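Please walk me through this structure, with the strands and the charged pairs in view. A brief report follows.

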Amino acid sequence: MSETRKWTPKDDEVHEEEDEEDSQQYQNQKDAILFAIDVSTTMLAPQDLDGNDAEEQPKSRSKGGKGSKSASAVLTALQCAYGVLQSRIISNPNDMMGILLFGTEATKFDTGGGVGGGNAGGYEHCYLLLDLDIPDAEGIKGLKNLIEDPEEFASLLKPGEEQVSMANVLFAVNQIFTTKAANFQSRRLFLVTDEDDPHRADKALRNSSITRARDLYDLGVRIDPFFIYNPAKGGFDSSKFYDDIVYRSPTDDEDDYPQTAISGKMRLKQMVSSIKSKSTPKRALFTNKLELGPGLVIGVKGYLLYKRQEKARSHYVYTSGEKAQIVKGVTTRLAEETAKVVDTTEIRKAYKFGGDQILFTPEEMKAMRNFGDPVIRILGFKPASAVRFDLNLRPANFIYPDETSYVGSTRVFAALHKKLVKDEKVGIAWCISRKGAAPQIVAVLPSIEEMGDGEDANVQITPAGFFLIHLPFADDVRRNPESRLVRASPSLIDRMRAVVKQLHMPRGYIPEKYSNPSLQWHYRILQAIALDEDMPTQPIDTTLPKYKLIDKHAGTYSREWGEELEKLAGHLATPAVKGTTSAAKRSTLVKGEGMPRKRVKAGDDAGGGGDGEGDEVMAAWRAGGVAKLTVAKLKAWLEGKGLDTSGRKADLVERVEEFLDG
């Protein structure tokens with residue numbers, strides 16, 4: 001029976017690294033986000049923005065025309081929602097998003113599941129602008145038109161005369177999540193308002209709102225508030241009402257729930273950044289146990305703090321037709337010689353040992369890759385100075401205590417953390433992060449934060465966790481290439497100092513101003529396809545140097561530096577040329593371009609390497625044990641033969657066997 005199965009992009013690549021699979025699983029959990037925006041007279045009143053925020057406002061929407069720096073809180077919230085929609089439709093295409101306006105004169109509430117409709121019954125003054133669903137081009141275009149068209153904005157967003165009931169708003173949110181995202185693992189409500197006490201005169205409505213909020217949390221919905229500071233109301237005091245509505249978890253950070261409201265002068269940029277950061281829930285990368293000694297085990301959770309942002313490909317899109325369509329494909333394996341369909345049971349994996357192909361069954365392959373149950377086992381302790389900066393393979397993981405399986409883990413974890421910080425020690429551990437993962441030696445480094453300068457610096461542990469720094473094995477360490485240090489003359493340094501002073505950035509380097517041009521171009525193309533817009537013709541690259549400004553400020557100094565370099569070039573180039581020539585000869589010999597290969601006979605001692613290494617390599621080759629030789633011996637033998645010595649040990653073994661096999 002032929003193998004015909006549903007095709008996914010992951011079939012093109014086989015991920016050998018377990019961490020890559022873990023991070024992919026970490027990101028692919030679905031999320032449901034609902035914006036609830038208060039539409040009141042004060043929320044619609046324009047508030048001042050700073051210069052940076054005003055630049056991001058559409059010019060056609062600014063009050064007073066060119067040069068105006070004001071916008072309403074409702075408009076800013078809708079712009080934030082639009083920005084999140086644009087980013088999520090590309091990075092997380094399976095997530096759901098919706099927008100609910102409350103306090104409006106008009107009423108529209110129909111989730112498509114028989115809830116509401118017409119005047120929406122008990123959901124008066126609730127307007128479901130965008131139903132909770134996977135964003136589509138039509139919905140995003142409608143939101144964009146609402147933001148950019150003042151007439152449509154003013155006609156739709158009219159505040160109602162009656163006070164809206166927060167109990168009804170929260171119950172409407174409950175109905176939306178229950179109907180549209182019942183099985184989602186993450187459900188979040190972004191509540192934007194400037195009213196700190198909506199039911200100050202009605203205790204019954206206040207208690208009803210608290211009950212509805214408790215129902216949401218029982219349902220698994222998390223409320224993330226965004227309180228808007230309004231000078232006309234004398235500020236915002238969350239203790240009047242919202243401290244009883246917004247529940248805090250013991251594991252939440254202080255920044256997750258702001259104690260003060262957001263000022264209008266810093267609203268747009270900070271609000272967009274904050275909502276985008278909150279739109280990604282904090283999920284553990286793995287749950288494991290930390291073994292401190294025989295019989296002493298505590299529970300921990302591991303988190304992925306940093307990850308390289310890359311182009312994500314979830315679907316293939318066919319664009320040659322009248323309308324862009326998602327490709328649905330299947331994969332069928334064929335034999336290369338006969339073009340016959342190959343069944344899964346006929347496929348075997350093999351490894352080359354001593355010139356022979358050794359076959360393994362799937363069960364044997366699985367057993368070979370099983371190094372035991374997941375565990376982080378402390379092997380010993382070393383001084384913190386033993387962990388050098390260059391001994392770092394990839395971004396570290398962060399572990400935090402977990403009381404789910406082992407009660408008392410937090411207290412033991414905190415005691416270990418305190419002791420390591422006090423003694424300036426790190427733990428060395430054997431780490432298998434999760435089932436099927438390859439083992440890794442890690443350094444368990446306590447997290448500390450130094451506050452202050454000099455001898456008066458205070459050490460504050462925030463939070464009390466450990467970084468797992470992945471240490472290299474012997475084969476992972478590479479020798480640095482030979483290099484000769486050539487120091488510049490004082491005159492050349494002085495002239496370069498003048499260039500650097502002229503190109504000094506007064507405000508320093510601001511990473512947010514320089515986006516990855518390749519990723520942004522990729523996203524612009526995807527956005528144009530998804531929203532059926534015109535294709536962009538030229539990418540925007542903010543990383544390109546401003547050559548005219550550089551020449552204006554430092555052109556003269558740069559040319560003087562070049563003239564000085566030409567004067568010293570003869571003195572600097574003489575030793576470099578000799579070194580380059582020898583290096584070129586050495587590289588030619590290493591690659592084997594200048595030496596003919598010799599077919600090794602059975603009685604040949606294989607030469608090379610010296611100190612009997614040729615005999616040892618030949619003996620190992622005859623016994624099929626080349627892989628048992630050390631990396632140093634393999635490299636010495638290959639260097640003696642004029643072969644390339646770069647790569648991992650598996651590459652060296654393969655190179656030796658190919659040469660000796662003739």
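Val300 has Pro401 as its bridge partner in strand 17. Five bridges join strand 10 (residues 296-304) to strand 17 (residues 397-401), and the two run antiparallel. Strands here are DSSP runs (E) of at least two residues, helices are runs (H or I) of at least four, and both are numbered from the N terminus. Two strands count as paired if DSSP finds at least two bridges between them. This is a predicted model: local features need pLDDT of at least 70, side-chain atom pairs count only at pLDDT 80 or more, and totals for chains, interfaces and linings use all residues. Residues are numbered from 1 along each chain as its sequence is written, and side-chain values use heavy atoms, with hydrogens and water left out.

Strand 18 (residues 425-432) is largely enclosed by the rest of the structure, because six of its eight residues are buried. Buried means under 20% relative accessible area, exposed means over 50%, and partly exposed lies in between (1.4 Å probe, protein chains only).

Strand 18 pairs with strand 16 (residues 375-383) in the antiparallel sense, over eight bridges. Lys425 in strand 18 is the bridge partner of Pro383. Strand 18 also pairs with strand 19 (residues 440-446), again antiparallel, over five bridges. Here Trp430 stands opposite Ile441 of strand 19.

## Glu291

Is Glu291 buried or exposed? Glu291 counts as buried, because its relative accessibility is 19%. Glu291 lies in strand 9 (residues 286-293). Neighbours within four places in sequence aside, Glu291 is in contact (heavy atoms within 4.5 Å) with Leu296, Val297, Val375, Ile376, Arg377 and Ile378.

## Salt bridges

How many salt bridges are there? The count comes to 15. The rule asks for a side-chain nitrogen of Lys or Arg within 4 Å of a carboxyl oxygen of Asp or Glu. One of them joins the side chains of Lys180 and Asp131 (3.6 Å, N to O). This pair links distant parts of the chain: Lys180 is in helix 7 (residues 166-180) and Asp131 in strand 6 (residues 126-133), 49 residues apart. Lys180 is partly exposed at 25%. Asp131 is partly exposed, also with a relative accessible area of 25%.

Asp244 and Arg206 meet in a salt bridge at 2.9 Å, N to O. They too link distant parts of the chain, 38 residues apart: Asp244 is in the loop between strand 8 (221-227) and helix 9 (267-278), and Arg206 is in helix 8 (residues 203-219). Asp244 is partly exposed at 33%. Arg206 is buried at 19%.

Asp390 and Arg388 form another salt bridge (3.0 Å, N to O). Asp390 is exposed at 52%, whereas Arg388 is partly exposed at 45%. Salt bridges that share partners also join Arg188, Arg222 and Asp224 into one network.

## Helix 10

Met368 lies in helix 10 (residues 362-368). Met368 is partly exposed, with a relative accessible area of 42%.
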